[in-house]
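Please study the sequence and the model before reading each solution.

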Amino acid sequence: MEGIKGKVAVVTGAAKGIGRAIALRLAKEGADIVINYRTNSDSLSELVSEIESFGSKVITVRGDVSVFEDAKNIMKKAVETFGTVDILVNNAGITRDGLILRMKEEDFDKVIEVNLKGAFNCIRHVSPIMVKKRSGKIINISSVVGITGNSGQVNYSAAKAGIIGVTKSVARELGSRGINVNAVAPGFIKTSMTEALSDKLKENTLNSIPLKRFGTVDDVASVVAFLASKDSDYITGQVINIDGGMVM
Ligand code: NAD
């Protein structure tokens, strides 16, 4: 894909799952990578060597995206090392599922803090960098449940719907500065986040997917790479579903 080579990409929550696949794909396309992770750096050495094997440079930055100063530090470290940030992928996310009748206040707050405020924090700190150079690509990982809602996920679907609002607002604000802001809305992707779900729920979900398979992390990474590339220069403020046709 054109326009990724030599660019600097920050991927939040990139130690595993979808974020890891995105970091690898952008590195394969020639970007230098800033891997943000929250807690455990143990599993990162393999990812770092894989990225380096593509000839890309990489740093790892520990930080909790829901903390304003941590988000600031991620961008600071990126600029100190690579001079700039061209691509931001807001991927970090958590679930704390529960029905509304039982959901604890802290479970609502925590999911909003990480999934929604975390994206705000990172965009807030990357915007000045991108505005100054009048270019940039911001890609937010939403979810189809931010569009449809989902039983047991009041907190998560509110956060993911919120991300769509953030995407469209920032796209309007920063479009004139050459910055594209888009979201992807994955459906059911095979990662540790979905592994824990019951077999019954998985079977029901599979029946609702026209393409008759769950998504892979690479299905998401390839669309994110497209949105980070020159090939999508005239696309902004959009939400692209990656869900095998589950929601249409
Ligand atoms: P995952 O649990 O495998 O990965 C999430 C990553 O985010 C982990 O590395 C975790 O450490 C990191 N993270 C969590 N809280 C963080 C914080 N406060 N600061 C920094 N990093 C933090 O999950 P995944 O399935 O790879 O999910 C990635 C993104 O895709 C999430 O935003 C998720 O909501 C979204 N998503 C996933 C699916 C799916 O089916 N798996 C569907 C739609 C959307």
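**Exercise 1: The largest pocket**

Solution. On a 1 Å grid over the protein atoms alone, a pocket is an open set of points with protein on both sides within 12 Å along at least five of seven lines, whereas a cavity is a set where a 1.4 Å probe fits but cannot get out; lining residues have an atom within 4 Å of a point. Grid points are joined across faces, edges and corners, and a volume is the space filled by probe spheres set on the points.

Step 1: the lining consists of 49 residues, and Gly93, Thr95, Tyr156, Thr191 and Met193 are the closest to the centre of the pocket. Step 3: by class, 20 of the lining residues are nonpolar, 24 polar and five charged. Here Ala, Val, Leu, Ile, Met, Phe, Trp, Tyr, Cys and Pro count as nonpolar, Asp, Glu, Lys and Arg as charged, and the others, Gly among them, as polar.

The model is predicted: local features need pLDDT of at least 70, side-chain atom pairs count only at pLDDT 80 or more, and totals for chains, interfaces and linings use all residues. Residues are numbered from 1 along each chain as its sequence is written, and side-chain values use heavy atoms, with hydrogens and water left out.

**Exercise 2: The ligand**

Solution. Step 1: the ligand takes up the space of the largest pocket (more than half of its atoms lie within 2 Å of the grid points).

**Exercise 3: The largest cavity**

How many cavities of 30 Å³ or more does a search of the whole structure find?

Solution. Step 1: the search finds one. Step 2: the largest cavity holds about 50 Å³ of space. Step 3: its lining includes Thr12, Val65, Asn90 and Lys160. Step 4: helix H4 (105-133) and H6 each give two or more residues to this lining, and H4 gives the most, with four. Helices (H or I, at least four residues) and strands (E, at least two) are DSSP runs, numbered from the N terminus.

**Exercise 4: Positive phi**

State where arginine 134 and lysine 212 lie.

Solution. Step 1: most residues other than glycine have a negative phi. Step 2: arginine 134 has a positive phi, near 55°, and its place is in the loop between H4 and strand S5 (136-141). Step 3: lysine 212 has a positive phi near 60° and lies in the loop between H8 and helix H9 (217-228).
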